[in-house]
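I opened my notebook to look through a structure that was new to me. Here is what I looked up, entry by entry.

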Amino acid sequence: MLPARNSSNAGSTRIDGVTERVAPTSHQTIQCAPLNITFRQVNNRKRPKLNHYAPPTSQLRETVHTAFRFSGRRDGNMQVSAAHLICRPSPSSTQQSSQFAGPEDGSTEFDFAMIDEPSMDAGEDGTITQSQKHKRPAGVNPLHVWTKERDTYLSEIIRLDGRGENARDSCAGCCANPAEFRCQDCDDMQLYCGTCLLANHARSPTHRIQQWNGVFFESSSLKTLGLRVQLGHPIGQPCILPQPAFNNDFVLIDTNGLHELGLDFCGCETSETHVKQLLRHGWFPSTPTDPRTAATFRLLHYYQILSFESKASAYEFYHSLVRLTDNTGMMKRMPDRYDGFMRMVRMWRHLTMLKRFGRGHDPSGVNGTSQGECVVLCPACPQPGKNLPEGWQTASKAKRWLYAVFLAIDANFRLKRRNVSSDHADPSLSRGWSYFVEEKEYKAFLAEHLTETQEKSTCSSHNAVNTADTKQSQGLAATGVGTVDCARHNFKRPNGVGDLQKGEKYINMDYLFFSTLRGTQLEMLNVSYDIACQWHKKLWARMKSFPQSHRLDHLTKYIRFFVPKFHLPAHVSKCQTIFSFNFTRFVGRTDGEAPERGWSNINPVASSTKAMGPGCRRDTLDDHFGDWNWKKTVGLGASLLYKMKDALAEKAAHALAFEEFDAVITPEHRSAWLEEMQAWEDNPNDTSISNPLEAKAMGELKLAELEAEDLQRGIDSSLHPQISPSVLIASGIDLEQEQHRLANIAESMGQHATDTQKGSLTQMRNSLRRRIDMWRRTQVLYLPAVQALIDQAAAREGHENAECIHLWLPSELKTKPCDPRLREDEWELRYAQAHDALEELRQCLRIHCSLLTFKREWVRGQGANTCAQNALARIHRRRTACVKRYRSAWMALKSLATIMKKTGWQGRLQELADTHVKPLVDPYATGEGRPDPSVTFHVEPWLRMCQKSVESWPASHWPEYANSSWPEYVESVLTGVDIYILELL
């Protein structure tokens, strides 16, 4: 091979006499000793046709060249494939050119024959290895090819039911005795005599035997043929004092069925107990006293892994083995060993757990196991003494978020348990050693406090709070389980699982929360719970009733409470700011929904665990939770690598967009916002510092408070005993909104409305007209100039519909006399109306995106799609009404600003164009809370900057458009690591 030569043509690769035109990208070099090949990486797309290069030769002769193709792979490596090019001069050629061209160029014409070679993979270290991957020709389906051969397959399978090639009568082993037996499990289809068969199966006593009866094969057994298994001695060495199993009745359960064995224990003076002899042979006895049933270790391990992956119950698995043994039910019925199998499985799960956590090597033995010790801990969460550096306790405030633990609390009401058995009859083999809490202490504590009444929710009507005492529990000992998980990596926490006797009561969840945090040294806790806004209120007061070992020194710790992102929209607006992950620093992209993802894995087990006793159920669920944590541990490296790559790309895009947006912010605003946000974020538990993200009192409430202050000072500007100036203006704005609503209804009816629709519309118009007439009697008292305008309109237009009546609010009285107090009232109310309309508009856009995403991913069928389209249409109508309401308020503000000489108000409220009304996130994007920077920062930012609060709007603008606080983004830009690197922890 020749070394690569540089090509003068940009975007081409010339290797060993072959040139390939490719798109120009970054240069790379692969070390392929002793050859260095420099090439341009080829994009993952179809290549253009090769332009072959043939070196000039002195004679026209056949030459062979090697062509290489380089293609990128998803794992970042390169794949190299080689092919030989055989160049043969055609008879008509008289010249030879250095580059292959058509005959019209006068060059030599070559015939190219391609000989493919195995492709090679080039790794990051430059090593090239061959890949034997076979590419199936297009259009070839293996199933279609198989259908042409299925008669052959069928005949061969039927052939195995008979003697096949073993038609001779002599044994394949000794060639003397008749051949009557064969083994179904050996990799040998030959027939043997009984003596040779026993000799072959001295080490395989669980193989299934068939005997030829002259017509067909029938089932037999090694025990029937006289095989005896001797324990306590090497195979083939007899025992001088053999002791047969109890009543010579011993059943061994293996992966291929249930087997009756002739078993002898060793009765020598130095022999071990029967249990030890079985265990040392790899057989697990079902009972320590006179065992008559055992299971092989490989069977127990096989079922344990199978139950983790398929959630198959022990009943289904056992009866599958029974059918493997006899699928007809016509043979001698074997005694049922299901109870013994269940017992062995449970003991195996328990012993496997103890073995894996080193309890067999501890001098204190199994009884020295402490609570929560046999747990697969999250390796990415901070674990003092395991993965934290020295001096982490003294970390500064800017770094202590690195050592924070994220907890997620939730309940699962599918993991019920029927009221069968008891803890006395079926105790747990683990006494709080794993994921479940210690049952005796747990129930004793609940017995003292379970009758306490739980306060109702002051947020939304949360069923988890309001119906905690009314959960259906008839016939159930447990209505479900509560858990505490690692919120970032979805690991089950030690002593973080417990049964629920009724609903999701505070007392149950409190016990699990304090149990999993018992003895914790971490000083920063982030706690996520669906009802955290209610649950956390009196948490520390309730903690005083707990034992001292379960109490948490909360005054010395930095604790924050959150509501998971999916559940947050169901809460009131106040909770959506205080308990939001998006509005809090040092939480990364945590969503708090980790437990919800784990339920899909464990819920299929509920069908078998609901009928178990209390101890068996806890041991089984403990084993499943341990496997869940182990699988998470195994996949954590790949998961964190994926998040690292994704975070770097997201961080770069958002940092660039933020820098562009930050360039237009004035230094005065920036410093004021930083001070306000930092003061609140540094003191989250200080109630004297107001939350800048929480909406403040505004609009009608604010005006009512001002009027109350005037009345206390003896100032009363009202001309009506019941209607004050602010109430008059507020009522007028309400009537204006009712007019808009009625106009939309009339417009939607069209030209072919029914009589019923017309009658309903007329009734609504009459009702609105009567309300307007009553309001105008009071309006004339405060605005006498309006009477003349009303009379002029009545004389000019005559009778008009109620939705078309001019209300003549102060913003419409440009040159007419008007009380300045009325203009001030309308300004405040219109200002609040504009902000409320924008907030509702943003909510409509979010709902529209969510509904569109749900429809695209989950809705199928004509009926469901019709319902989804109707829902989207309702949201669209609501969005249109919000736009009209905002524009009406904005026009009124614009008119009042001219009259009242107000300036600078348009920095927060600007004219709303149709192009401004678009969502902040791409409804077709994947992932929660990841807005497109090009949309989030570049499309009319003023629409997002107008937030709920008027007086404290600067601090609340940023979370709405950036999904985080403004200082958090500043720090992320400066340090380059903040919230994105936390995603990896």
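**Entry 1: a buried tryptophan**

I began with Trp808, which is buried, with a relative accessible area of 15%. For my own reference, buried means under 20% relative accessible area, exposed over 50%, and partly exposed in between, using a 1.4 Å probe and protein chains only. This is a predicted model, in which local features need pLDDT of at least 70 and side-chain atom pairs count only at pLDDT 80 or more, while totals for chains, interfaces and linings use all residues. Residues are numbered from 1 along each chain as its sequence is written, and side-chain values use heavy atoms, with hydrogens and water left out.

I found Trp808 in the loop between helix 23 (786-797) and helix 24 (820-858). Helices (H or I, at least four residues) and strands (E, at least two) are DSSP runs, numbered from the N terminus. The phi angle of Trp808 is near 55 degrees, a positive value in a residue other than glycine.

Which residues does Trp808 touch, not counting those up to four places away in sequence? I noted Arg776, Gln779, Leu783, Val786, Leu789, Ile790 and Leu813; contact here means heavy atoms within 4.5 Å. Gln779 sits 29 residues from Trp808 along the chain, and their C-alpha atoms are separated by 9.3 Å.

**Entry 2: another positive phi**

I then turned to Asn248, whose phi is near 50 degrees, again a positive value in a residue other than glycine. Asn248 is in the loop between strand 15 (242-244) and strand 16 (250-254). Buried or exposed, or partly exposed: where does Asn248 fall? At 34% relative accessibility, Asn248 counts as partly exposed.

**Entry 3: the whole protein**

Next I stepped back to take in the overall picture. I read 30 helices and 26 strands for the protein. Of its 985 residues, 45% count as buried. Among contacts with a separation of 6 or more, 68% join residues 24 or more positions apart.

**Entry 4: the largest nonpolar core**

How many residues does the largest nonpolar core have? I wrote down 41, and Phe513, Trp535 and Phe561 have the most contacts inside it. A nonpolar core is a set of buried Ala, Val, Leu, Ile, Met, Phe, Trp, Tyr and Cys residues joined through side-chain atoms within 4.5 Å. Several elements each supply at least two residues of this core, including strand 20 (404-412), helix 9 (439-449), helix 11 (506-516) and strand 26 (558-562). The largest share, 7 residues, comes from helix 11.

I looked up Trp535 in particular. Leaving out residues up to four places away in sequence, Trp535 touches Ile409, Tyr506, Met509, Asp510, Phe513, Val527, Tyr529, Arg542 and Phe561. Apart from this core lies another, of 26 residues, among them Leu735, Leu761, Ile790 and Leu809.

**Entry 5: two helices together**

Two packed helices are described by the angle between their axes and the distance between the axes. Helix 9 and helix 11 pack at an angle of about 145 degrees, with their axes 10 Å apart. The axes are lines fitted to C-alpha atoms, for helices over the stretch in contact, and angles run from 0 to 180 degrees between N-to-C directions.

I also listed who meets whom: Glu441, Tyr442, Phe445, Leu446 and His449 in helix 9 meet Ile507, Asn508 and Tyr511 in helix 11.

Met612 lies in the loop between helix 16 (606-609) and helix 17 (614-634), and at 14% relative accessibility it counts as buried. Beyond its neighbours within four places in sequence, Met612 is in contact with Arg417, Val420, Arg617 and Thr620. Arg417 is 195 residues from Met612 along the chain, yet their C-alpha atoms are separated by 7.2 Å.

Leu845 has its place in helix 24 and is buried, with a relative accessible area of 7%. Its contacts, neighbours within four places left aside, are Arg879, Val917, Lys918 and Pro919. Leu845 and Val917 are 72 residues apart in sequence and 8.2 Å apart in space, C-alpha to C-alpha.

**Entry 6: cysteines**

My last search, for disulfides (pairs of cysteine sulfur atoms within 2.5 Å), gave 0. The sulfur of Cys196 is 3.5 Å from the closest cysteine sulfur, in Cys193, and that is too far for a bond. Cys196 is buried, with a relative accessible area of 17%, whereas Cys867 counts as exposed at 54%.
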